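Please look at the sequence and structure first.

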Amino acid sequence: RSLTQWQQMRRTISETPGVEDFQVAGVTARGADIALRFPGGGEGLADSLEAEGLVVQQSGGSWVVRPR
């Protein structure tokens with residue numbers, strides 16, 4: 001993914017209503033580790049971000065966000 005795409009995803013996630021304590025723990029060429037709180041949990045976040053063109057899936061105890 002490109003840096004521009006990451007910046008757009010970061011902005012979309014951080015500006016989603018209900019997202020709190022958004023923190024970027026690290027960024028690599030393959031992805032980023034983020035932490036946040038959302039009142040609806042992962043499922044609620046997935047529903048909110050789907051409308052913004054992002055897919056959220058659970059994978060091995062973590063949640064993965066990627067463009068659709």
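Gly60 adopts a positive phi near 60° in the hairpin of β3 and β4, where two residues lie between the strands. The model is predicted, so local features need pLDDT of at least 70 and side-chain atom pairs count only at pLDDT 80 or more, while totals for chains, interfaces and linings use all residues. Residues are numbered from 1 along each chain as its sequence is written, and side-chain values use heavy atoms, with hydrogens and water left out.

Helices (H or I, at least four residues) and strands (E, at least two) are DSSP runs, numbered from the N terminus. Two strands pair if DSSP finds at least two bridges between them. The pairs are tabulated here.

| β1 (residues 20-27) and β2 (residues 32-37) | antiparallel | five | Gln23 and Ala35 |

The hairpin that joins β1 to β2 passes through four residues.

Trp6, Met9 and Ile13 are the buried residues of α1, where buried means under 20% relative accessible area, exposed over 50% and partly exposed in between (1.4 Å probe, protein chains only). These residues lie on the same side of α1, because they cover an arc of only 65° around the axis, the arc being that of the directions from the helix axis to the C-beta atoms.

Glu50 belongs to helix α2. With 47% relative accessibility, Glu50 counts as partly exposed. Its C-alpha atom is separated by 14 Å from that of Val19, 31 residues apart along the chain.

The largest pocket holds about 750 Å³ of space. On a 1 Å grid over the protein atoms alone, a pocket is an open set of points where a 1.4 Å probe fits, with protein on both sides within 12 Å along at least five of seven lines; lining residues have an atom within 4 Å of a point. Of the 29 lining residues, Ala32, Ile34, Trp63, Val64 and Val65 lie nearest the centre of the pocket. At least two lining residues come from each of α1 (3-14), β2, α2 (41-50) and β4 (62-67). The lining divides into 17 nonpolar, seven polar and five charged residues.

Technical notes:
Points joined across faces, edges and corners; volume = space filled by probe spheres on them. Nonpolar A, V, L, I, M, F, W, Y, C, P; charged D, E, K, R; others polar.
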